[in-house]
Amino acid sequence: MKIVSVVGARPNFMKVAPFCRALKAYPDVKHVLVHTGQHYDVRMSEQFFKELDIPNPDINLEIGSGSHAEQVGRTMIAFEKVLKEEKPDWVVVLGDVNATCACSITAKKEHVKCAHIEAGLRSRDMDMPEEINRLVTDRLSDLLFTPDRLSNANLEAEGVEGGKIKFVGNIMIDTLERERERAAALDINQIVRDNLIDELDGRVEVEKGRLLKDNSYVAMTMHRPSNVDQGETLVPVMRFFLDEVSKEYPTVWAIHPRAQKMLKEFGLWDEVVANPGMILVNPLGYHEMLRLNMGARLFMTDSGGLQEECCVLGTPCLTMRWNTERPITLMENGGASILVGNAVEKIRDAYRSQIDAARHAMRPELWDGHTAERIAKALACSTL
Ligand code: UD1
C-alpha cells in the first residue's frame, strides 16, 4: 500500500509527526510525505520538522504566500502532478488549512481515496476560511478520523455514512504527551531571550525589567484575519492589552507574521514594542510554546490548537473568537477555555474572572497519546 500524506502550514506539523512514526509499524506501507510550502519560514516550518523528528518531506511544492484562491489553486496544480507520478492508494490530509482542502479535492478528482485526520470539527462560521476547508474535505473523504464524539455527531447530522467515521481521539495530544517532559525542562526566561523580536533584542531585561516566573505572566497569540485585519477590531483589543493586561502582568506575545504586518499597517507597532509590559517574541518552536503554556497564569488566543493544549495542561484560556470548532475545550464541557470574541467589554469581564482561576487539567476521551496508532492501523487494515 502507498500513502501520500500532505502538510502545508504550522498546525499540521505536530499532527503529522506521530502519524509518520506510527506508520513505521507497517513495513508494507510506503509513505510519501508532501509539504505544500504554504508556511516556509524556518520558524513557521523547518524548526518543527527538526524538533519533532519529522522526516524531511519527500516532495516540497513551494506554494508560498498568496490569496486563498492562489494558494489552493497552485497547490492543486502541483499536487495533481504528484498524484500522477506517485499513484498512491490513499491521500491523507490533516486539519483545516488550505493544503487540506486543495489536496482532498485533487485526490478525489484523480480517483484516489482520501482520509482526513481531525474530521468533523465545525465552527458553523462560514466567514472562517478553515470552516470551508473542513466542510469540503469531510464531504469528499472516504475515511474520517474524528478527535471527539461531538465531531461524530456533526458528521452524522450532515449525512456522512457511519462506516466512514472512525473516532480515534486527538492526534495533537500524542505529540503533547511525547514532548511534555522535554518542554518542562526548558527555562522560560531563556525562551524569551532566544526569541525576542529584533527590535527588543537585549532590551527586555533592562527595560522590561522583571524576570518571568511561572504563574506570573499572561501568554497570548492572535493572528486570525477576523481579529487582525480590520483596524476597528484590532485597535481596541490592542488598547486593552497595552493599557490594562500588560500593566498587571508581563504579557508574552508569540507574534505571527500576519499580526506583525497589521500592527504596522494600523500604526500600533512602535507603541507595542515600546510598552514595558509587552514582551514580543517571534513564532516559537513546539517545545518553547508548550513551556510558555505550562507556566502561563492565563492564555489569551485565537488559535485552534492552543485551546486543546490549554485544556490538557489546565491553563485557563480565553479564546478570542465568537465560536469554536472545538467545543469540547470549553469550560461548560469541562475544559479550560471561555469564548470571549473580540469585543473589549467581554474580553475584560472574562479576563477579570479568570486571571486568578486555578489550573484544572482535563482529558477528553481517547486524548491518550495513542491516536496515531489507531489511525495507522485503520488505514493499513482498510479493505476499502
Ligand atoms: C494558516 C492557517 C490557519 C492557522 C495558521 C497558523 C489556512 C487557511 N490558515 O493561516 O488555520 O491557524 O496558518 O499559523 O491555511 N507568512 C510568513 N511566513 C510563513 C508563512 C506565512 O511570513 O512561513 C506570512 C504570509 O506572507 C502571509 C501571512 O503570513 O502574509 C499569512 O500566511 P497564510 O499562510 O496565508 O495564512 P495564516 O494566517 O498563517
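Guide: The space it takes is the largest pocket. A pocket is found on a 1 Å grid over the protein atoms alone: it is an open set of points with protein on both sides within 12 Å along at least five of seven lines. A molecule sits in a pocket if more than half of its atoms lie within 2 Å of the pocket's grid points.

Visitor: What kind of model is this, and how are residues numbered?

Guide: This is a predicted model: local features need pLDDT of at least 70, side-chain atom pairs count only at pLDDT 80 or more, and totals for chains, interfaces and linings use all residues. Residues are numbered from 1 along each chain as its sequence is written, and side-chain values use heavy atoms, with hydrogens and water left out.

Visitor: Which elements give two or more residues to the shell around the ligand?

Guide: Helices are DSSP runs of H or I with at least four residues, numbered from the N terminus. Here the elements are α1 (10–23), α3 (68–86), α5 (129–140) and α12 (257–265). The largest share, 3 residues, comes from α12.

Visitor: Which residues come nearest to the ligand?

Guide: A residue is near a molecule if one of its heavy atoms lies within 4 Å of it. There are 20 such residues around the ligand, and His39, Asp41, Ser65, Glu130 and His256 come nearest. By class, this shell has 5 nonpolar, 9 polar and 6 charged residues. Ala, Val, Leu, Ile, Met, Phe, Trp, Tyr, Cys and Pro count as nonpolar; Asp, Glu, Lys and Arg are charged; the others, Gly among them, are polar.

Visitor: Which side chains have an N or O atom by an oxygen atom of the ligand?

Guide: Look for polar contacts, pairs of N or O atoms within 3.5 Å. The side chain of His223 has an N or O atom 3.0 Å from a ligand oxygen. For the side chain of Gln71, the distance to a ligand oxygen is 3.5 Å. Tyr40 uses its backbone: an N or O atom there lies 2.9 Å from an oxygen of the ligand.

Visitor: How much of the ligand does the protein bury?

Guide: Accessible areas come from the Shrake-Rupley method with a 1.4 Å probe. Taken alone, the ligand exposes 750 Å², and the protein buries 87% of that.

Visitor: What is the volume of the largest pocket?

Guide: A volume is the space filled by probe spheres set on the grid points, which are joined across faces, edges and corners. For the largest pocket that is about 1,200 Å³. Lining residues have an atom within 4 Å of a point. There are 48 of them here, with Arg10, His39, Met44, His223 and His256 closest to the centre.

Visitor: And the second largest pocket?

Guide: Its volume is about 240 Å³. The lining has 14 residues; Asp125, Asp127, Met128, Arg224 and Ser226 lie nearest the centre. α10 (225–228) gives the most, with 3 residues.

Visitor: How many cavities are there?

Guide: A cavity is a set of points where a 1.4 Å probe fits but cannot get out. The count is 2 cavities of 30 Å³ or more. The second largest cavity has a volume of about 60 Å³. Its lining has 7 nonpolar, 3 polar and 2 charged residues, among them Phe145, Pro147 and Glu308.

Technical notes:
Polar contact = N/O pair within 3.5 Å; in protein donor to acceptor, adjacent residues only side chain to side chain.
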